[in-house]
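Notebook open, viewer open. I'm jotting down what I look up, starting with the chain overall and then a few spots.

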Amino acid sequence: MLYNAALVLEGGAMRGQYTAGVLDTFLRHDIEFSSVIGVSAGALCGSNFVSKQYGRASGVNINYRHDSHYISLTHLLKRQNIINFDFIFTDHGFRWHQFDERAYERSASDFTIVATSLANGRTVTFDKPTGENLINALKASCSIPFICDPQETTKGKCLDGGVADSIPYDLAYQQGYDKVVVIRTRNKEYRKKPSGKVMEKLSNRTFQDHPEFAKALINRPLMYNHQIDEIDRLVDEGRMFCIAPSNPVKIGRLEHSTKKIRGLYETGLKEGAAAVPALTHFLMDTAY
């Protein structure tokens with residue numbers, strides 16, 4: 001069923017496997033949203049959700065995590081990014097679960113990808129891009145500072161969307177939706193610690209030609225914690241529904257253990273299923 005509501009997906013690299021599990025549960029229960037907004041790993045998961053490809057987001061990271069063509073430190077020796085995002089959208093043969101762009105394009109859901117402009121450190125959005133523009137927007141949204149190079153897009157060079165807008169629920173309300181569902185990849189109690197002196201120096205040195213981006217990177221913890229406080233308030237007011245891991249997520253940004261990756265995905269499946277009754281009540285309730 002297509003609900004007149006917006007779904008907002010937090011990033012978090014491999015923590016996104018929690019989101020992948022929750023979204024696969026939604027597909028099992030035929031739960032769709034008029035708008036899907038994703039940042040970083042949330043955008044990757046969101047693209048597979050919009051194209052209704054059950055198991056694809058988890059399958060890539062569980063089955064191909066140790067494929068050197070996908071993620072490898074040796075890429076640095078070739079002056080390439082550690083993560084090869086092109087791998088995700090390239091056909092690798094009979095057993096490969098190729099991204100279904102035709103299904104993505106036919107979907108009734110609008111899809112917004114969030115990235116951060118390298119030039120000014122502000123939020124940049126891409127509204128249901130297709131073809132090469134889709135791939136470039138997803139790569140930009142997922143390009144982790146210090147690990148990945150800026151990605152060229154139709155809106156200039158961009159990096160990780162989480163720098164400017166970690167959980168872009170504000171975009172959902174700007175789109176006119178009264179009902180907003182957020183999937184987080186951190187437990188409800190989690191808050192970021194302020195950036196230390198080392199982080200400040202590293203950011204300012206690395207992005208010395210882009211001081212506004214460096215500023216946004218340094219201030220990210222403040223922005224993030226403010227967003228979480230607002231999410232808690234909106235949930236208490238009944239204006240938002242939030243699904244978050246019940247326990248702290250202990251998985252690396254580029255986690256090596258496929259057992260941990262699979263375990264987090266299965267946690268998402270389980271906790272997503274447990275949330276379905278309350279979620280459908282929220283989506284169908286006409287009081288808000």
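This is a predicted model: local features need pLDDT of at least 70, side-chain atom pairs count only at pLDDT 80 or more; totals for chains, interfaces and linings use all residues.

I started with contacts, meaning heavy atoms within 4.5 Å. Among those between residues at least 6 apart in sequence, 75% join residues at least 24 apart.

Residues are numbered from 1 along each chain as its sequence is written, and side-chain values use heavy atoms, with hydrogens and water left out.

Next, the overall build. I find 10 helices and 8 strands in the protein chain; these are DSSP runs numbered from the N terminus, helices being H or I with at least four residues and strands E with at least two. The radius of gyration is 18 Å, close to the 19 Å that the globule rule gives for 288 residues, so the chain is as compact as a globular protein of that length. That radius is taken over C-alpha atoms, and the rule is 2.2 Å times the number of residues to the power 0.38. Along the principal axes, the C-alpha atoms fill a box of roughly 55 × 45 × 35 Å.

Then burial. I call a residue buried under 20% relative accessible area, exposed over 50%, and partly exposed in between (1.4 Å probe, protein chains only). Buried residues make up 55% of the 288.

Which helix did I check for cover? I took α3 (residues 56-63), where 7 of the 8 residues are buried. Arg56 and Asn61 are among the buried ones, as are Val60 and Ile62. Their cover includes α1 (16-28), α2 (41-50) and α10 (258-284).

I also looked at α8 (residues 211-218), where Phe213, Ala214, Ala216, Leu217 and Ile218 are buried. What covers them includes β3 (110-117), β6 (156-159), α7 (197-206) and α9.

That took me to α9 (residues 220-236), which holds Arg220. The Arg220 side chain makes a polar contact of 3.2 Å with the side chain of Ser166. For that term I need N or O atoms within 3.5 Å; within protein, one must be able to donate a hydrogen and the other to accept it, and residues adjacent in sequence count only if both atoms are side-chain atoms. Leaving aside neighbours within four places in sequence, Arg220 also touches Asp160, Gly162, Val163 and Lys192.

Last stop: Ser34, in strand β2 (residues 32-39). Why does Ser34 count as buried? Because its relative accessibility is 14%. Beyond four places in sequence, the contacts of Ser34 include Leu2, Tyr3, Ala108, Asp110 and Tyr177.
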